[in-house]
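Biologist: I've got a model open and I'd like to learn how to read it. Can you walk me through it, feature by feature?

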Amino acid sequence: MHVGSNRNTDKTVELPSSVLNKHVAMLGATGSGKTVAAKVLIEEATLDGIPSIIVDPQGDLARLAIIGDRAALAENGGDAERSRLWEEKAEVRIWTPTRQKGLPICLDPFSPPTGELDAEALVSSWDLMASGFAVLAGHDVEKKSPGGQIKAFLNELLTESARLGCYPHDFVSLSELVVNPGLMLEEGAEPARIAEIIGGYIKDPVREELARRFNALDSGVNQLLFSLGVPMDIETLLEPAKNGKVPVNIFYLKSLGSEDLRQSFLQELGRRLYDWMLNQSTAEGETKLLFFIDEVSKYLPSDPRQPPAKQIIKLLFEQGRKYGLSCALATQSVANVDYKILGQANTIFIGRFQTKQDRGKIADLLKVGGADLGLVDELPSLEAGEFQIVCPDISKVPIQIKTRWLYTDHGATLGENEVEALTPQSLRDWAKERSVAHSHSANPPAIPLSRKQMSKGMTENETPFESHLMGGLMLLKDPKDPLSVMLGATNLFTALVLLTTTYLLGQSWIDGENLGLLLIFGSLLSLVSCVALVVETLLSDERALVQRIRKRARPIQYLILIWIWILWFGNRAAWFDLSWASILIDIAQTLSTLFVLLEMAHRIRLGNLQLQLDWNPLAMMKEAVHSMKLLLSESEIAVMRATSNQVMQSLQFLTEIVTACLLGLLLFEIGDFTLDSTFSSEIVLRLFSIYALQITAKVYVNFHSK
Ligand SMILES: Nc1ncnc2c1ncn2[C@@H]1O[C@H](COP(=O)(O)OP(=O)(O)O)[C@@H](O)[C@H]1O
Ligand SMILES: [Mg+2]
């Protein structure tokens, strides 16, 4: 790129176009020649075939549409041949949002992220979109309340509606959805989810006010901003109207009446660039697009100020180089521009700065980069168009440069009527074609996973597994999966066993045995579990209530388990004789204990997921207990729940192992295990080999998938 000549030697200074990729900043006082320097870069990028998007707050960049004076060019040592080449290649298009003077362009804040984005990028894309809407509604999203909460609410509302396929495409339908998120129920939303969206973020009056504001955006100038002209889309901006040309897109911000509108416009442009950029795959160092903003201090001020466009433009500066997006900016007030964004620019053009304060700031900036500070003293003596280029990749010392003469015109800012004259009919026709028929169905929105889907190993239809040791009729009546049927049957069976054993205990008590206390205890528990069965049946329509009762009744459930163990032990130790019922107790004990163990095992296993593996057993145990507590208290967070399918699978696997072990013991007649007939030992051998094969395969697969 031919940017100018060395001030001392008069030799031509060429920069490799790879410097663009690492971002550029033009710094200097008013009149030092920053805008001209930026135009030189834009002209050079265009000659290189790189399209550009330029934010022109003052209207002087729009002069790129005017060819410079030939005689003046020759006088100033300009290359006439390259100037002609620029004329041939460049397609300068001045976009005037809300106005027809140049090419009208409108924002389409409703266009959702599309393409294949990774989970993280997807989440931030939707977040940016929600934040854009919150800003359009006049909220400061940097303030937690209400701006931040409104943003969170909109994020949930929009992603959920996209998931259900009823994503709004205009402010009227967005407004309707904000007033009444319940509309999504008709599309099959879960009532609990809707309740969470309505109640979880903002109060009803705030929500209603938000809806009113969205509705208001559908009228007046606002409406023009969203409806007049070509919908803003980066692909359209990169497409030449005439084949073979290189687009130079200039956003003439003066056509936007208020500062708020300009901020919103820039934010939306940034968001579209971000979404576009994430979908690019770019070779190292390649530049696909040059994005330049003049006079950035209003849009990218230093902290704590956070105007709407700052966050997204910062992301572009931070991540752009990976995707071939080159960012450039110009400012006269270094002190007032976010230093983290400035710090991303690897090539800095430093022009004239007179005040001591300004030079101090430049020194600070250069110190961070470890550059030589000698140049700072020379800054006041620089003329317009003279710069020191600091670019550590290319030169250890600053390059003393005078920027070259422009191929295009430079001077006063352009008025709207001049812009009108500079927009040829051929471009207007091209733009018109792209304005009318903009359909939203072209690309389906890329939707982030719901919280439920994100939780480990869970797919849409699985429900968390939790063992309830009481009730069960409902589980049988409305079977969700084999596991809940098993649990229901176990509970029913246990209730019957409780009744039977209580009856038997009562008999022995009548026969004169001293079992009073045990009998009272047993009767109470049998009563409770029978009541649970009845209540659950009566409340069959009130699921939420049943759930709550179950949660509360948890201690009683454990009492029942303990009671069954007492019965089993008492029977063994011959405190009492339950004769024929003892086999029932064995079964009830096995099954209900199994469910409790399964649930516990899963909590522990899931708790482990959160552990940093630490081979100190004590620390591990402490950590496990801690994360279990965490899980138990935040039980509604589905993330850490095992699903019943998983549980069912591990249960089957466990049974297989026990069976295989038993078969092995029988086969090799270990201990007291014996097989009397050759026929049974044949069957056992065959069964054993099948089980052994299955288990080996599962263990192998499991081991490898980890
Ligand atoms: N390369 C150059 N050669 C000669 N004069 C220049 C050059 N660059 C800029 N100038 C002069 O400086 C003036 C201001 O430049 P400009 O880029 O608009 O300043 P800034 O954007 O820093 O305020 C221009 O109108 C022009 O007369
Ligand atoms: Mg300027």
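Biologist: Let's start with the ligand. Which residues are around ligand 1?

Modeller: A residue counts as near a molecule if its C-beta atom, placed from the backbone, lies within 6 Å of it. Around ligand 1 that gives Gly-28, Thr-30, Gly-31, Ser-32, Gly-33, Lys-34, Thr-35, Val-36, Ala-384, Gly-385, Thr-403 and His-410. Before we go on: this is a predicted model, where local features need pLDDT of at least 70 and side-chain atom pairs count only at pLDDT 80 or more, while totals for chains, interfaces and linings use all residues. Residues are numbered from 1 along each chain as its sequence is written, and chains are lettered from A and ligands numbered from 1 in the order in which they are written.

Biologist: How many of the residues in that shell are nonpolar, polar and charged?

Modeller: The classes first: Ala, Val, Leu, Ile, Met, Phe, Trp, Tyr, Cys and Pro are nonpolar, Asp, Glu, Lys and Arg are charged, and the others, Gly among them, are polar. Sorted that way, the shell around ligand 1 has 2 nonpolar, 9 polar and 1 charged.

Biologist: And which helix gives the most to the shell?

Modeller: Helices (H or I, at least four residues) and strands (E, at least two) are DSSP runs, numbered from the N terminus. Helix H2, residues 34–47, gives the most, with 3 residues. For the whole chain the tally is 27 helices and 13 strands.

Biologist: What share of the chain counts as buried?

Modeller: Here you count C-beta atoms, placed from the backbone: 20 or more others within 10 Å makes a residue buried, 12 or fewer makes it exposed, and in between it is partly exposed. By that count, 39% of the 706 residues are buried.

Biologist: Now a single helix. How do I read H9?

Modeller: Check its span first; the expected value is 1.5 Å times one less than the number of residues. H9 covers residues 204–216, and its 13 residues reach 19 Å from first C-alpha to last, close to the expected 18 Å. Then look at which residues face in: Arg-207, Leu-210 and Phe-214 are buried. Down the axis of H9 these fall within an arc of 60° (taken over the directions from the helix axis to the C-beta atoms), so they line one face of the helix. The general idea is that an α-helix has 3.6 residues a turn, so residues three or four places apart point the same way. On the other side of H9, Pro-205 and Arg-212 are exposed.

Biologist: What do the buried residues of H9 pack against?

Modeller: Contact means two C-beta atoms, placed from the backbone, within 7 Å. The buried residues of H9 pack against helix H6 (144–164) and helix H7 (171–179).

Biologist: Which residues touch the most other members in the largest nonpolar core?

Modeller: A nonpolar core is a set of buried Ala, Val, Leu, Ile, Met, Phe, Trp, Tyr and Cys residues joined through C-beta atoms within 7 Å. The largest one has 126 residues, and Ile-94 and Ile-250 touch the most other members. Helix H5, residues 119–136, gives the most to this core, with 10 residues. A second, separate core of 10 residues includes Leu-498, Leu-525, Trp-563 and Ile-585.

Biologist: Is H5 enclosed or open, then?

Modeller: Largely enclosed by the rest of the structure, because 13 of its 18 residues are buried. Just after H5, Gly-138 takes a positive phi of about 85°.

Biologist: Which residues other than glycine have a positive phi?

Modeller: Asp-10 is one of them, with phi near 65°. Asp-10 lies in the loop between E1 and E2 and counts as exposed, with 9 C-beta neighbours inside 10 Å. Glu-295 is another, with phi of about 45°. Glu-295 lies in the loop between E9 and H13, but it is buried, with 20 other C-beta atoms within 10 Å.

Biologist: Where is the cis peptide bond?

Modeller: Look at omega: it is about 5° for the bond joining Asp-303 and Pro-304. Pro-304 is found in the loop between strand E9 (289–293) and helix H13 (308–323).
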